[in-house]
Amino acid sequence: MTVKVAEEWLNICGGCEVTILDIGEPLLDLLSKLEFVHMPVLMDHKYFGQTGEKTELEIPEADVGIISGGIRNEKEKIVALEMRKKCKTLISLGSCACFGGIPALANQYSLEELYDKVYRQSKTTDSADTPSDDIPPLLDRIYALDEVIKVDVYIPGCPTTPEIVADALTSLLEGKPFTLPERSVCDDCPTKREKKAITSIKRPLESILPPGQKLEESRCFMELGYLCLGPVTKSGCGGSEKTPRCIKGVMPCRGCFGPIRAGANPMVEMMGALSSIGLDPRLIFDRPSTFQRYIGAHGRLRPLPKRP
Amino acid sequence: MSIDQKIDTEFEPLIIGFCCNWCAYAGADLAGISRMQYPTNVRIIRVMCSGMVHPNLVIDALTKGADGVIICGCHIGDCHYLDGNITAEKRADAIKLMLQDFGIEEERFRLEWVSASEASRFAQVMTEFTETIKKLGPSPFKS
């Protein structure tokens, strides 16, 4: 018996769909058990019937629904609600769907400010009116999927790790629940920690490791002065290899897997992590965006109130 | 009077007060015993030391419904644990920085020293702080 899968992309770049294809050989075993009934990125399946004959938006019934991307406009909201209606289990795939992702950085500005910046203040475009014909209106801010509909399985990451997608799909096929363990990136990081920073905050533009040095021999990136969101970010991006992906590529963690547990407050915890090793958080430019780069939905990033 | 009828009431803020067991809480106790008057907006939470109030608790309170947070501890040099209130003082700086990032007015947070015998000072601090918060209005996170 095959399991019917519906996939939908909302406010997203498409990287998470590439991750599904990037599963590699395990995908061949999975594909024999899956039947894709709706997937705009791969299939020509239209919302209002193939010739546009229907009046209501329709997505076929499916056992598993996968949605990537947050909710930015009215159309995406309607599609998300329809997906929830038609799918028994719903997976939110990628950081945009789970926490708002990079687009949610825009939650720091009101719609008027955004329109003004994009259509009128920008130096590289001609001044124009805000377009309104034949396009769905934007919502007041960017919403994570679970702010609008109930989500059963969360797979964070920007983009996420193919291995986790395969694991989640396999567990669902076997009827087992799927969750990522509550571990931080630091728990899986191979670098050495001595709990004292040796320099002030730097930008990761120059090489962090001297050529030829192994990762295991290096000090913790944060102690070397490179801002790393490892202490407040959920681990799992490395898959079975354990070593987090960015760390393996000798770059500090950017926090795409989101908070370690629900209800955590990465901005406060990050300030604690910085001061405990003797770094000054005041030197970091635009702290709210830096510490919450991928998790701006759920009201974490919001317009700052104007002070008189 | 019908339920729909709008009752014009003054904004009553919700203030969380973290009081240390050895000085400020005893001071609050004395203020109560001495029947001193101070606003009922303050909800006191007893902690063993002002130094143990993590910034997380303050931010959590202010983002989840409180309009103001006040931490009260022993005077510098009088701490039961020798330097707990010095920790609290350092943390207060960090808390103020975080409040900026969260877009919360700095005035919504205050650190005060109240000894066990300063009942009148306790009542006065609470009255003043409640007045400040009333002027500021509800927390931006309340909407």
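Predicted model: local features only at pLDDT ≥ 70, side-chain atom pairs only at ≥ 80, totals over all residues.

User: How compact is chain A, judged by the globule rule for 308 residues?

Analyst: Chain A has 10 helices and seven strands. The globule rule gives 19 Å for 308 residues, and the radius of gyration of chain A is close to that value, so chain A is as compact as a globular protein of that length. The radius of gyration of chain A is 21 Å.

User: What percentage of the contacts in chain A with a separation of 6 or more is between residues 24 or more positions apart?

Analyst: The C-alpha atoms of chain A fill a box of roughly 65 × 55 × 35 Å along the principal axes. Of the 308 residues in chain A, 38% are buried. Among contacts with a separation of 6 or more, the share from residues 24 or more positions apart is 81%.

User: Which element supplies the largest share of the side of chain B that touches chain A?

Analyst: The contact draws 12 residues from chain A and nine residues from chain B. On the chain B side, helix 2 (55-63) and helix 3 (84-102) each supply at least two residues. By class, this side of chain B holds six nonpolar, two polar and one charged residue. The largest share, four residues, comes from helix 3 of chain B.

User: How are helix 9 of chain A and helix 3 of chain B oriented to each other?

Analyst: The axes of helix 9 (residues 266-276) of chain A and helix 3 of chain B come within 11 Å and cross at roughly 140 degrees. The crossing of these two helices is right-handed. Angles over 145 degrees would count as roughly antiparallel; helix 9 of chain A and helix 3 of chain B are therefore oblique.

User: Which residues of helix 3 of chain B meet helix 9 of chain A?

Analyst: Helix 9 of chain A contributes M267(A), V268(A), M271(A) and S275(A). The residues of this contact divide into five nonpolar, one polar and one charged. On the helix 3 side of chain B, the partners are A94(B), M98(B) and D101(B).

User: Within chain B, how is helix 1 placed relative to helix 4?

Analyst: Helix 1 (residues 24-33) and helix 4 (residues 119-136) of chain B have axes 8 Å apart and pack at an angle of about 95 degrees. In their contact, G27(B), A28(B), L30(B) and A31(B) meet A119(B), F122(B) and A123(B). With an angle of about 95 degrees, helix 1 of chain B is roughly perpendicular to helix 4 of chain B.

User: What is omega of the cis peptide bond that joins C158(A) and P159(A)?

Analyst: P159(A) sits in the loop between strand 7 (153-155) and helix 7 (162-173) of chain A. The bond joining C158(A) to P159(A) is cis. Its omega is about -15 degrees.

User: Is D286(A) buried or exposed?

Analyst: D286(A) lies in the loop between helix 9 and helix 10 (287-291) of chain A. Its phi is near 55 degrees, a positive value in a residue other than glycine. A residue with 12 or fewer other C-beta atoms within 10 Å counts as exposed; D286(A) has 10, so D286(A) is exposed.

User: Is R35(B) buried or exposed?

Analyst: The loop between helix 1 and strand 2 (42-47) of chain B holds R35(B). R35(B), a residue other than glycine, has a positive phi near 55 degrees. With 7 other C-beta atoms within 10 Å, R35(B) is exposed.

Key:
Residues numbered from 1 in each chain as written. Chains lettered and ligands numbered in written order. Contact = placed C-beta atoms within 7 Å. Nonpolar A, V, L, I, M, F, W, Y, C, P; charged D, E, K, R; others polar. Rg over C-alpha atoms; globule rule 2.2 N^0.38 Å. Buried ≥ 20, exposed ≤ 12 C-beta atoms within 10 Å, placed from the backbone. Axes fitted to C-alpha atoms, helices over the stretch in contact; angles between N-to-C directions. Parallel < 35°, antiparallel > 145°, perpendicular 65-115°, else oblique. Left-handed = near helix turned anticlockwise from the far one by under 90°.
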